[in-house]
Amino acid sequence: MLTAVASARAILTSLHEVMASRSGAQAKLNRIVDVIGENLNSEVCSIYLLREGMLELFATRGLEQAAVHVTRMAVGEGLVGTIAQNIETLNLAEAASHPDFAFRPETGEERFHSFAGVPIVRRQRAVGVVAVQHVDPRRYEEVEIEALQTVAMVLAELIANAELIDDEDVAGVPDHLTGPDRLKGQTLVKGLAVGQAVFHQPRVTIEHVVAEDTEAERQRVYRAFDKMREQIDRMASQAEFGVGGEHEEVLETYRMFAYDEGWSRRINEAIDSGLTAEAAIERVQQRTRMRMRQIDDPLLADRMHDLEDLSNRLLRIVSGQLGTAASMGLKGDAILIARNLGPAELLEYDRRRLKGVILEEGSLTAHVVIVARAMGIPVVGRVRALRGKVRDGDILLVDGDQGVIDVRPAPSLVEAFEARFAKNRERQAHYATMRDVEPVTRDGQRITVMINAGLRDDMPMLPLTGADGIGLFRTEFQFLVSATMPQRERQTRLYRDVLEAAGDRPVVFRTVDIGGDKVLPYLRHNEGETEENPAMGWRALRVALERDGLLKVQARALIEAAAGRTLNVMFPMVTEPWEFDAAKAVFESQVAFLRKQKKLLPEAIRYGAMLEVPALAECLDILAPRLSFLSIGTNDLTQFLFAADRAHPKLAERYDWLSPAILRFLARVVRDVAPFGTALTVCGEMGGRRLEALALLGLGITRLSITPAAVGPVKELIRKVDLGEIRSAMDGWLRAPQADMRSVLAQWACAQGIDCD
Ligand code: PEP
Ligand code: MG
């Protein structure tokens with residue numbers, strides 16, 4: 001018996017000669033069926049190619065020649081059609097006993113018992129089938145099947161070069177990749193979007209299958225493996241693709257695969273058989289896919305997904321196609337698909353064309369989701385195994401309201417979606433009319449409603465929403481979108497532009513909050529230092545105080561930008577009061593310096609702190625008298641209160657912002673700062689959700705800073721609420737809270753005629 005390598009190599013050598021010959025495409029196909037038949041000792045070898053949606057017999061050895069270009073099968077019809085439809089290999093000792101067998105008398109195939117067929121795949125679509133048949137009823141050996149699969153790859157290249165198939169022909173794609181499909185996930189940002197699927201990390205298209213120089217290909221794969229292993233090791237220390245979450249588990253699996261001897265050996269063998277490095281990686285991946293498909297185990301399916309990811313990474317390295325879809329630019333309305341993204345990666349995309357995002361992981365308060373929310377881009381998260389269900393360019397309807405994605409939707413569905421789109425636009429238009437409406441409660445209390453922002457592009461949202469100001473300007477976004485540390489002049493320019501655009505309305509600048517899931521490639525830890533828990537690690541004010549150059553530069557930029565105006569500065573992640581003092585001192589020393597320089601200074605500087613770390617709540621009596629304002633960052637606060645990573649997909653739905661623990665905690669903060677008269681704002685995502693906003697009003701919070709899209713809905717809510725009533729109701733609930741406070745609040749809202757969806 002032949003070894004896999006020897007048989008594939010013998011076939012490839014002959015095929016190489018055929019392909020290099022000057023004969024026409026048909027003559028080449030005729031020769032190829034002979035080569036395969038001879039090498040696999042098969043009486044029959046046939047090639048079917050897709051033409052006008054049908055699989056047509058293009059060449060055969062062993063069947064009646066009269067059947068060539070006559071025998072045609074629909075995709076899904078007979079064994080050949082089934083192989084194309086499912087993109088799956090069949091290996092049968094007795095072809096006629098298979099339920100899909102369809103006898104074609106013109107071929108004269110009745111003499112042959114055994115049958116093996118392999119799909120010819122191009123760009124994830126079956127464009128043909130190569131089949132062998134034998135008189136004796138026997139199953140083909142695995143090595144023979146593998147040789148046939150290698151041949152199918154070569155044929156795919158030959159067929160494309162010879163333009164034997166129409167690249168636009170979309171038949172021959174398996175049902176699970178052609179028909180409509182519906183995927184379910186978790187709503188992360190509401191809204192509707194339609195567009196074409198774009199993978200953040202695009203699949204590599206393999207152009208050359210047959211190697212010119214086997215040794216050179218081997219070296220390419222070795223180098224790629226080294227680089228990939230380096231990347232995985234680095235990722236493990238930096239948590240490049242999402243902090244917390246499942247990344248550790250995933251990385252462990254990645255590492256296991258990356259160092260798996262079996263995997264690299266099989267790729268090497270495929271190279272030995274004469275394939276290019278790219279084709280060898282793909283070839284081995286096909287084999288794994290085929291094996292895994294036979295095992296029905298969700299855990300294994302997950303691992304399979306990891307291996308796909310890694311195999312794709314190896315392919316990208318070896319082929320040098322390293323860029324993300326952002327670097328190639330979006331061509332039309334796009335729905336971006338990724339396992340996970342950092343906020344900076346999202347910001348690299350063209351905002352005008354990016355219409356929606358689908359993540360395999362993700363959580364409500366991950367920064368990428370906050371950025372998408374601010375951009376008004378719907379996001380559905382926690383949708384698994386997307387690569388197996390969606391192809392590049394598929395039309396997708398993203399229903400961020402329901403957390404549902406329709407893949408390749410039927411026209412009737414698109415129509416219904418359009419109608420909902422129109423309704424949504426109407427609703428948006430309605431909220432837009434609320435721009436000049438004051439957020440006053442039924443009992444006459446004026447609530448302050450501000451927006452969260454982070455980029456120059458966010459500024460138009462201020463006049464559009466009619467918000468009272470910017471309650472949180474996340475200055476680190478400028479750092480995230482830069483390839484290098486933004487120089488002081490650039491920072492000053494941004495802050496000045498922001499203040500000018502805001503006019504009379506206040507802007508609260510938060511000093512850089514780097515770390516956690518906001519990773520700066522140019523601001524690394526010291527060599528060798530890694531973080532187990534970056535969200536609780538070296539981030540925000542902790543970085544700023546240690547690298548005080550960073551804070552000094554920012555302080556100077558802010559002070560200069562606010563010359564002649566009031567400057568509002570807020571420090572993130574203050575854990576102990578002295579940290580606030582230290583940060584303030586950095587600003588004050590810059591003021592002193594600029595004063596000496598006789599520079600125009602801000603009229604006033606108001607210093608505030610963010611309450612995100614529960615420990616600070618114990619020291620509010622010490623801190624509050626020193627503050628001009630306090631802002632509660634509920635995103636971080638809740639992750640620390642619950643000890644639940646805000647970016648962890650498995651914890652995304654576990655704890656509720658309306659739980660008694662959060663509500664009681666916030667009530668206590670309100671009570672503790674009240675004697676000092678410190679302005680108290682909530683600036684986490686919580687305040688932008690209506691039911692949560694209602695709860696905050698009930699707790700006595702009268703200042704909210706929220707995502708711009710929420711301003712209209714929250715203003716509408718405020719105008720329907722009687723503050724006295726919700727406060728006394730909340731007092732009662734907090735004394736004897738129920739486990740499901742969400743339902744309690746929803747029922748109360750409903751009884752008051754307040755729509756809190
Ligand atoms: C928060 O933690 O609630 C907050 C507003 O800050 P960020 O989301 O940027 O961490
Ligand atoms: Mg925070």
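This is a predicted model: local features need pLDDT of at least 70, side-chain atom pairs count only at pLDDT 80 or more; totals for chains, interfaces and linings use all residues.
**Entry 1: around the ligand**

I started with ligand 1 and looked up its neighbours. I found 17 residues surrounding it, and R474, R510, E612, G633 and N635 are the closest. What kinds of residues make up this shell? By class I got 8 charged, 5 polar and 4 nonpolar residues.

**Entry 2: contacts**

Next I checked some atom pairs. The side chain of R474 has an N or O atom 2.8 Å from an oxygen atom of ligand 1. For E612, a side-chain N or O atom sits 2.7 Å from an oxygen atom of the ligand. With G633 I had to look at the backbone: an N or O atom there is 3.3 Å from a ligand oxygen. Then I looked up how covered ligand 1 is. Alone it exposes 290 Å², and the protein buries 100% of that.

**Entry 3: which elements line the shell**

I wanted to know which helices and strands take part. At least two shell residues come from each of α13 (367-375), β16 (470-474) and α23 (634-642). Which element gives the most to the shell? That's α23, with 3 residues.

**Entry 4: helix α19**

I moved on to α19, residues 548-561, and checked its length.

Is α19 mostly covered or mostly open? It's mostly covered, with 10 of its 14 residues buried. I noted some of the buried ones, among them L550, L551, Q554 and L558. Charged residues turn up on the buried list too, including R556 and E560.

Terms used: Residues are numbered from 1 along each chain as its sequence is written. Chains are lettered from A and ligands numbered from 1 in the order in which they are written. Side-chain values use heavy atoms; hydrogens and water are left out. A residue is near a molecule or strand if one of its heavy atoms lies within 4 Å of it. A polar contact is a pair of N or O atoms within 3.5 Å; within protein, one must be able to donate a hydrogen and the other to accept it, and residues adjacent in sequence count only if both atoms are side-chain atoms. Accessible areas come from the Shrake-Rupley method with a 1.4 Å probe; for residues, only the protein chains shown count as cover. Helices (H or I, at least four residues) and strands (E, at least two) are DSSP runs, numbered from the N terminus. The expected span of a helix is 1.5 Å times one less than its number of residues. Buried means under 20% relative accessible area, exposed over 50%, partly exposed in between (1.4 Å probe, protein chains only).
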